[in-house]
Structure formats: structure tokens, C-alpha cells
Amino acid sequence: MSTLSLPPVLTSPRDDAIQLYRAFKGLGCDTAAVVNILAHRDATQRSLIQHEYRAMYSEDLLKRLVSELRGKLETAVLLWMHDPAGRDAIVIRQAILPDLTNLDAATEVICSRTPSQIQLIKQNYQAKFGVFLEQDIERHTSGDHKKLLLAYVSTSRYEGLEVDREMAMKDAKALYKAGEKRLGTDEKTFIIIFSERSRAQLAAISAAYHDMYGGSLKKAVKSETSGKFERGLLTILQCSENPAKYFAKALHKAMKGLGTDDTTLIRIIVTRTEIDMQYIKAEYLRKYKKTLNDAVHSDTSGHYRTFLLSLLGPNN
């Protein structure tokens, strides 16, 4: 479901390509023009613009953007130029390679995506990098974290809303026995249930857990597991209940305190704009009594700020 509510674009991809070429020509780049065009085009339009640009100027638009833009703006615009599955594949690859390791980012992307999104990511990953996503996970992660990610990307899960209450109670009991009831933790049970149950079913398990044992499944995960494995489980659990709330919290954390975690800010805004941004904005406002646009405005500047705010759309 696309939530990028753009006004109808009156220019053709060919016109856009010509305008971009003009913006690059001469002394310095007309960055404002580049931002204004690209931030207001959807995935299909961006793909057509790249095609037209190459046909007219025998040049790769992405390479040109690399040479014309700098810093955080360059990172954000280049990521935006891809379609959602291709972009996720790039984010995971960059986050999982040893020289730039940011396993939290790889975990967030993998564990917050639906099974059909993961299928497309896997296809893009192999096409772009000539290696299976599972092979890179195998190579660059370890322990229970690795087992969870491998199970999560290779298991097909139901995507509907129907739940089996009886099964939810059984799973809640199994998780209690695997965690809070015993000394130590039976991680295997957590991996099986969290990687095999649908989002709706996992939310039902979480509700059953609370009803049966008085505590929350989220708190149980926090007390029974740690590190990257804990992060993966929590991402799966929170995205089963309310993905928009999960991302609103992650954005708030990225802007909280001194300094801004721009890598996270860019990743979440760029990857969620065409998915569920209006819900993330609503959750952000409800939880923090401030619009996401205002928060981004006070933590960024220049063309980079303009670009992110353009993706976010109206300030509400």
C-alpha cells in the first residue's frame, strides 16, 4: 500500500531527465532543483527518469548523482532512487558486510518486513550481488541471532488476519516454559515460534501470554535474551502488533539527545515513505505530542532537511 500522497505530476519522465541534466550543468549543481524533482516522484517515475536519462545522455543518473551531491543528502537521495525491495537489499548488504557492519540495521530491515517483501528482497539481493541473502547471513552473523535471521528469511508465513486462539495459548505456554519458568532459556523454542507464526498469530500469542501469566511477552524477551538476538525477537514482536509504533519509536531514538543518528533517520524515512509513513506520523504525534516533521526539522538542515521533509509530506 503506497502512502506517498503526491500531487499529480504534470511533467513527463523525459522532461524530468532534461531538467536534471540542466541542474547538473554549469558551475555547481542546482541542488534545490534536483531535490524538488526527485523527492516528488514515486518508484515507477524514478525508474522511468533513470531510463530516459540514460537514453538521452548515455550516462547513468545514479553515477551522476554521486558526483554532484555530497554527504547525508547524497546518501538519502541515492537510497530513494531504488524501488523498495532493491533498496532493502542494498541496506542489508551494506549493513552486513564486515567493513561497515551495522547488524542492528540489517536486523531491523529483515525482522520488520512481511514474508512477501522478504521474497522480493531475496530475489533483488541475488540479482544485485550474485550471492544468496542466506549465504551472507551465514557468513557475517553468529549464534542465536544467525539462527533467528536464517529461520525468518527462509520460512513462509501466513499473511492474513485469522488467528487460532487455542494454538496461541499453547505457544504462550511453550514460551513461558522456555523462558521465565526455567533457569536459563530454551532459545530454540523462541526461534521456532517467532519465525513460523504469522504477525496476527504472534500478536494473539502475546495477548494470551499476558492473560495467562500476568506479565508481557516483550518483558519476558528482554529478561531472557540479550544482544542482537533480543533485538531481532523484539522487532518481530513489535512489528506483529504495531509496525508504525515500532518505527515511530526508532525515529524518536535516532533524534533524541545530543546529535542525530542520521543513518537510522535516512533509512527509516526513505524505506517507509512508500509503505506506511502516514501511520508512523500519527503514532509519533500520539506518543511524543510533536509532529514527526517538526522533529526532523529541528534535527536537520539545508537541502538534506528539505529532502526528508518532502518525503514526509504534510506537517500533520
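Tyr 152, Arg 157, Phe 194, Arg 197, Ser 198, Arg 199, Leu 202, Ile 236 and Ser 240 line the largest cavity in this predicted model. As background, rolling a probe the size of a water molecule over the atoms shows where empty space is left. Here, a search of the whole structure turns up one cavity of 30 Å³ or more, and the volume of the largest cavity comes out at about 40 Å³. Two helices, α13 (199-213) and α15 (227-241), each give at least two residues to its lining. Sorted by class, the lining has four nonpolar, two polar and three charged residues.

Next comes a pair of helices. Helix α4 (residues 61-68) packs with helix α5 (residues 71-80) at an angle of about 170°, and their axes lie 9 Å apart. Angles over 145 degrees count as roughly antiparallel, so α4 is roughly antiparallel to α5. On the α4 side, the contact is made by Leu 62, Leu 65 and Val 66, which meet Glu 74, Val 77 and Leu 78 in α5. The tally for this contact is five nonpolar, no polar and one charged residues.

Finally, a look at two loop residues and their backbone angles. Ser 58 sits in the loop between α3 (43-57) and α4, and its phi is near 50°, a positive value in a residue other than glycine. Ser 58 is also exposed, with a relative accessible area of 69%. Lys 289, in the loop between α18 (277-288) and α19 (292-299), has a positive phi too, about 55°, although it is not a glycine. With a relative accessible area of 69%, Lys 289 counts as exposed.

Methods. Residues numbered from 1 in each chain as written. Predicted model: local features only at pLDDT ≥ 70, side-chain atom pairs only at ≥ 80, totals over all residues. Heavy atoms only, no water. 1 Å grid on protein atoms, 1.4 Å probe; cavity = no way out; pocket = protein on both sides within 12 Å on 5 of 7 lines; lining within 4 Å. Points joined across faces, edges and corners; volume = space filled by probe spheres on them. Helix = DSSP H or I, 4+ residues; strand = E, 2+ residues; numbered from the N terminus. Nonpolar A, V, L, I, M, F, W, Y, C, P; charged D, E, K, R; others polar. Axes fitted to C-alpha atoms, helices over the stretch in contact; angles between N-to-C directions. Parallel < 35°, antiparallel > 145°, perpendicular 65-115°, else oblique. Contact = heavy atoms within 4.5 Å. Buried < 20%, exposed > 50% of the residue type's maximum accessible area, 1.4 Å probe, protein only.
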